[in-house]
Structures are given as structure tokens and as C-alpha cells.
Amino acid sequence: MTRQQILSSIEISPLLQGCGIDPALMLVHHYRGGQIVSDRPAGITSVGLVVEGIVDVYSVALDGRDVQLNALEAGDCFGICNLLALAEMETVLRCRTDTTLIFIPKQALVSVMEHDPAFALRYAALCNRKIQFLIRRIEMLTIQSCRGKVIGYLLSQQNSEGRVIPDCSREDLARRLDVSRAALFRELAFLQSQGLLVLADREIVIVDQAGLEHILYQPSGSK
């Protein structure tokens, strides 16, 4: 990528736009779908910016299972939450598609933060959003029943029109919810049979939110 292309790519990031960091300090890497990404290219601890493609973020449990936490697309960054901490984040980054990333040394971002209050506030706001997101993910993962996990996902991901448009396949969604593919399809079919939602090819339409909430929060629980 040319210097101008790097600068243009930085501007798609709500956090990094206008940061003023010299592109000469940045590294551009291209990955194939399925490759694992490190946030230490050339041994330098860095923040990564997704320019093209999708990067899935996983947490690996003690039993070896990986649980998908997030999916990063163009304009999203990773390596942000421990920008000011020495501890490494115990997550795995895997490219879902062919992906282009720009890496910026963390020290360069810290230097900008020290002299640019507006950038520091944008960083703080981003961290707040990530904390809120992770709290919702923890709530989802602590729901024990398969049906509860599916309903919790639908209620948290619906737009203003009650439509849920997954950013992944049904198989990947099952993995994200930590349920089997068969169980996911079974629960979706059940909820549709109860008139609570309608299944389409690429989206799920919530028809009765109150009904879904009743199942999710009823004291006796659901299977």
C-alpha cells in the first residue's frame, strides 16, 4: 500500500482518524482466510486495524474449546483493551476471509494520547463500548439452556424493525453460542412454530418479542 492508501485506510477508523501518526511507522499485512493473526508483527506490540475482510475473535476455554467473542470488519481495531497494560490478552484472532490489516505500534498511539485529549476521550469511549459488549457476551455465555442462549442472542441483536441479520453462517452462530448446530436449528424451528419469529434465508424476523422475553425470564426456565 502507498502512503496515501494507508492514510485513507486510517480514516475509516472512528478511533484512529486524524491521529497524525506517520505511516512509515505502520506495517501492512495480507492474510488468507483461516490464518491466525498475531498482534506482535516483527516482534512489536501493535494495535491492528482491519482494512478489508473479517477477523473472528475467539477465547479458548480451559477444556480446549474456543468460543467466538466478536467479528471485526473494516474500520474495527484489535489490541486496544490492553493498550496501557503489560498483560497479553488471551484471545485468538482468525481471518474468516482474505484480510488486509494495518499494524500501528502501541507506543505510537500512547504518545498521541498523551498530547491529544480528543483522541484520549475517543479511546476511553471505545473501551466503554467494549466493556458493555463483553458484559453482554458474558451474560449470553452464562445462560445455561440452549433455548435461552438462542433467545438471548435474538433479543440482543435485533434492529429497530425486529430483524436479526447474522454476520456469520448458522454453523458459526451455533459455535458462537456454544450449542450444537442441530440444537440451534431445532430451537429456531420451535420458536417459529410458536409464532414468535419467522425464519428467512439471511435474516430472522422477531414477531413476538414479549413472548420471547416470557420464555427467557420465566422462573421455571426453559429447556
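A disulfide is taken here as a pair of cysteine sulfur atoms within 2.5 Å. In this predicted model, 0 disulfides are found. The cysteine sulfur closest to that of Cys 77 belongs to Cys 19 and lies 9.4 Å away, which is too far for a bond. Cys 77 is buried, its relative accessible area being 7%. Cys 95 likewise takes part in no disulfide, the nearest cysteine sulfur, in Cys 77, being 15 Å away. The relative accessible area of Cys 95 is 1%, and this residue is buried.

An open sheet is formed by 4 strands, arranged in the order β1-β8-β3-β6 with antiparallel pairing. Strands β1 (27-31) and β6 (77-78) are at the edges; each has a single partner strand, so one side of each lacks a neighbour in the sheet. The antiparallel strands β1 and β8 (residues 99-105) are joined by 5 bridges. Within this pair, His 30 has Thr 100 of β8 as its bridge partner.

Two helices were examined against the sheet. Helix α1 (residues 3-10) packs on the sheet and touches β1, β3 (46-52) and β8, with its direction at about 90° to that of β8. Helix α2 (residues 106-115) also packs on the sheet, where it touches β3 and β8; the angle between the directions of α2 and β8 is about 60°.

In helix α5 (residues 170-177), the buried residues are Arg 170, Leu 173, Ala 174, Arg 176 and Leu 177. These residues lie on the same side of α5, because the arc they cover around the axis is only 160°. An α-helix has 3.6 residues a turn, so residues three or four places apart point the same way. Asp 178, which follows α5, has a positive phi, near 65°.

Notes:
Residues are numbered from 1 along each chain as its sequence is written. This is a predicted model: local features need pLDDT of at least 70, side-chain atom pairs count only at pLDDT 80 or more; totals for chains, interfaces and linings use all residues. Side-chain values use heavy atoms; hydrogens and water are left out. Two strands pair if DSSP finds at least two bridges between them. Contact means heavy atoms within 4.5 Å. Axes are lines fitted to C-alpha atoms, for helices over the stretch in contact, and angles run from 0 to 180 degrees between N-to-C directions. Buried means under 20% relative accessible area, exposed over 50%, partly exposed in between (1.4 Å probe, protein chains only). The arc is that of the directions from the helix axis to the C-beta atoms.
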